[in-house]
Amino acid sequence: MRKPNGRKKIEIAKIQNQTNLQVTFSKRRAGLFKKASELSTLCGVNVAIVAFSPSKKVYACGHPSVESIVDKFVGENPPPETDDPNPIIVAHQNANIDEINKKLNKLERSLERERKHGQALQALRTEPSNEKLSFFDLKILCESLEATDKEVEKLASQLMECGIEFPYQTIGSALAPLRARDSTLSVSGEGSSGSGE
């Protein structure tokens, strides 16, 4: 079994590998934000941290909010008279807008994919209309429906034998009054045609 190495002291210098740099930034940023939150909770102070990632994204954490603390800081230490907006606030606003735009673009792409998928499914759906079926196809359809109905009736009778009520009416039981009427009509029709000869 391998022994754990424990924590190692790392050299504090800029990381050259881009992947390791991004991972380290994400982990350290989360730790820094957590410490700032703890400081705010434990000591009751207002805290704001703004960090720019290696990929130029802005991340901010603050209590009660970054904006209120930045406004307070700018109000107490007004910059020299310029018409230029505060670059920190502008960067934060731009980062929020960029993030919202990315989410919107992602949702639009997802919607378009789903729309194309729906169109493809609609194109694959080839349900023949009963009017377009030939007599032979209708006869096969009728036979398969009757076979299925017999299976359902068999299942229903098994359930009823077990004391379980079958919640649906089968085709045979629903059509029983019609079949009885049709058979009496055909019997009476045969009698009248037989007597006419």
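Lys56 is found in the loop between strand 1 and strand 2. Helices (H or I, at least four residues) and strands (E, at least two) are DSSP runs, numbered from the N terminus. Lys56 has a positive phi of about 70 degrees, although it is not a glycine. Lys56 is also exposed, at 68% relative accessible area. Here, buried means under 20% relative accessible area, exposed over 50%, and partly exposed in between (1.4 Å probe, protein chains only).

This is a predicted model: local features need pLDDT of at least 70, side-chain atom pairs count only at pLDDT 80 or more, and totals for chains, interfaces and linings use all residues. Residues are numbered from 1 along each chain as its sequence is written, and side-chain values use heavy atoms, with hydrogens and water left out.

**Confidence**

pLDDT is the predictor's confidence in each residue, from 0 to 100. The protein averages 76, and 71% of the residues score at least 70. Among the elements, strand 1 has the highest mean pLDDT (90) and helix 5 (residues 171-196) the lowest (52). Over residues 191-197 the pLDDT is below 50, and this stretch has zero contacts in the model beyond near neighbours in sequence. A contact means heavy atoms within 4.5 Å. Where pLDDT is low, the predicted coordinates should not be read in detail.

**The core**

Which residues form the largest nonpolar core? There are five: Phe33, Ala36, Val47, Ile49 and Cys61. Helix 1 (18-43) and strand 1 (47-52) each give two or more residues to this core. Such a core is a set of buried Ala, Val, Leu, Ile, Met, Phe, Trp, Tyr and Cys residues joined through side-chain atoms within 4.5 Å. Ile49 touches Leu32, Phe33, Ala36, Tyr59, Ala60 and Cys61, not counting residues up to four places away in sequence.

**A cis bond**

His63 and Pro64 are joined by a cis peptide bond, with omega about 5 degrees. Pro64 sits in the loop between strand 2 (58-63) and helix 2 (66-76).

**Salt bridges**

The structure holds two salt bridges. Each is a side-chain nitrogen of Lys or Arg within 4 Å of a carboxyl oxygen of Asp or Glu.

| Pair | N to O distance |
|---|---|
| Glu38 and Lys35 | 4.0 Å |
| Glu112 and Arg115 | 3.1 Å |

Glu38 and Lys35 both lie in helix 1, three residues apart, about one turn of the helix. Glu38 is partly exposed at 32% relative accessible area, whereas Lys35 is exposed at 57%. Glu112 and Arg115 both lie in helix 3 (residues 87-124), also three residues apart. Glu112 is partly exposed at 33% relative accessibility, and Arg115 is partly exposed at 42%.
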